[in-house]
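Thanks for making the time this morning.

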Amino acid sequence: TELLNTRDVWIVPMVNPDGHIEAEKGANWRKNMNKNDGNRYRGVDLNRNYGHKWNTGGSSNSPSSDTYMGKAPFSEPETQAVRDFVKSRPNLKIMMSYHSFSNLILWPWGYTKQRVNNPKLVEMGTKLGQLTGYTPQQAADLYVASGITDDFTFGELGLMSFTTEIGSWGDGFDPPYSRVAQFWNENREAALYLIDSAGKLGR
């Protein structure tokens with residue numbers, strides 16, 4: 001109650017609903033379902049479509065690829081919506097994006113293996129790993145990926161930015177609903193830690 005009385009917490013329930021429907025059907029699907037101009041392949045990987053360091057590695061310019069980055073930065077309505085949302089709220093200090101899967105805590109940079117020059121970001125990410133039991137690491141240590149949410153919100157807006165990858169490799173992109181309680185228990189303390197930290201960070 002004290003945290004909610006002293007912090008603003010914004011929750012975006014789902015950024016890619018149409019793509020998630022495909023995953024619910026059993027497809028190993030990560031993109032949205034938008035039609036690509038003049039192409040029979042659908043979808044853009046939204047986590048390759050953000051503007052910061054877009055198209056600098058770890059993404060594809062082929063519409064048939066699972067990591068297709070789109071025809072331009074922020075070409076998709078979903079990434080435009082997230083961009084406009086965070087830019088319209090200048091008091092934001094922390095961003096957490098929940099993905100599936102791999103049981104990881106990730107932080108920038110994703111576009112390069114060069115170490116991020118922000119000890120506090122790394123400290124917080126390491127703490128999140130301790131609280132969840134997930135492996136904490138810089139995003140590019142998993143694989144290089146440019147145009148990701150974290151790089152945009154950290155690199156352009158200065159938010160302490162993280163991604164939680166929930167679920168094991170066996171869960172895939174649509175972890176079973178029967179494990180929601182387990183996932184919540186694994187991530188609850190980390191979420192409370194971030195909410196608390198938001199009121200203690202200077203901008």
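Before I point at anything, one term: two strands are said to pair if DSSP finds at least two bridges between them. Please also keep in mind throughout that this is a predicted model.

Let me begin with strand β4, which covers residues 160-165. Its neighbour β1, residues 94-99, pairs with β4 in the parallel sense, over six bridges, and within that pairing M95 has S161 of β4 as its bridge partner.

How many of the six residues of β4 are buried? Six of the six are, so the strand is mostly covered, where buried means under 20% relative accessible area. M160, F162 and T164 point one way from β4, while S161, T163 and E165 point the other way, and all of them are buried.

One joins S100 and F101, with omega at about 20 degrees, and F101 is found in the loop between β1 and β2. Another runs from P108 to W109, with omega near 5 degrees, and W109 is found in the loop between β2 and α4.

That brings us to the helices. The axes of α4, residues 119-132, and α7, residues 180-198, come within 7 Å and cross at roughly 150 degrees, which makes α4 roughly antiparallel to α7, since angles over 145 degrees are counted that way. The crossing in which α4 passes α7 is right-handed. On the α4 side the contact is made by M124, K127, L128, L131 and T132, and on the α7 side by E186, N187, E189, A190, Y193, L194 and S197.

Finally, let me turn to the loop between α2 and α3, where both N55 and F74 are placed. N55 has a positive phi of about 60 degrees although it is not a glycine, and F74, likewise not a glycine, has a positive phi of about 55 degrees. Is F74 buried or exposed? With a relative accessible area of 12%, F74 is buried, whereas N55, at 42%, counts as partly exposed.

How values were computed:
Residues are numbered from 1 along each chain as its sequence is written. This is a predicted model: local features need pLDDT of at least 70, side-chain atom pairs count only at pLDDT 80 or more; totals for chains, interfaces and linings use all residues. Side-chain values use heavy atoms; hydrogens and water are left out. Buried means under 20% relative accessible area, exposed over 50%, partly exposed in between (1.4 Å probe, protein chains only). Helices (H or I, at least four residues) and strands (E, at least two) are DSSP runs, numbered from the N terminus. Axes are lines fitted to C-alpha atoms, for helices over the stretch in contact, and angles run from 0 to 180 degrees between N-to-C directions. Angles under 35 degrees count as roughly parallel, over 145 as roughly antiparallel, 65 to 115 as roughly perpendicular and the rest as oblique. A crossing is left-handed if the near helix is turned anticlockwise from the far one by less than a right angle, and right-handed if clockwise. Contact means heavy atoms within 4.5 Å.
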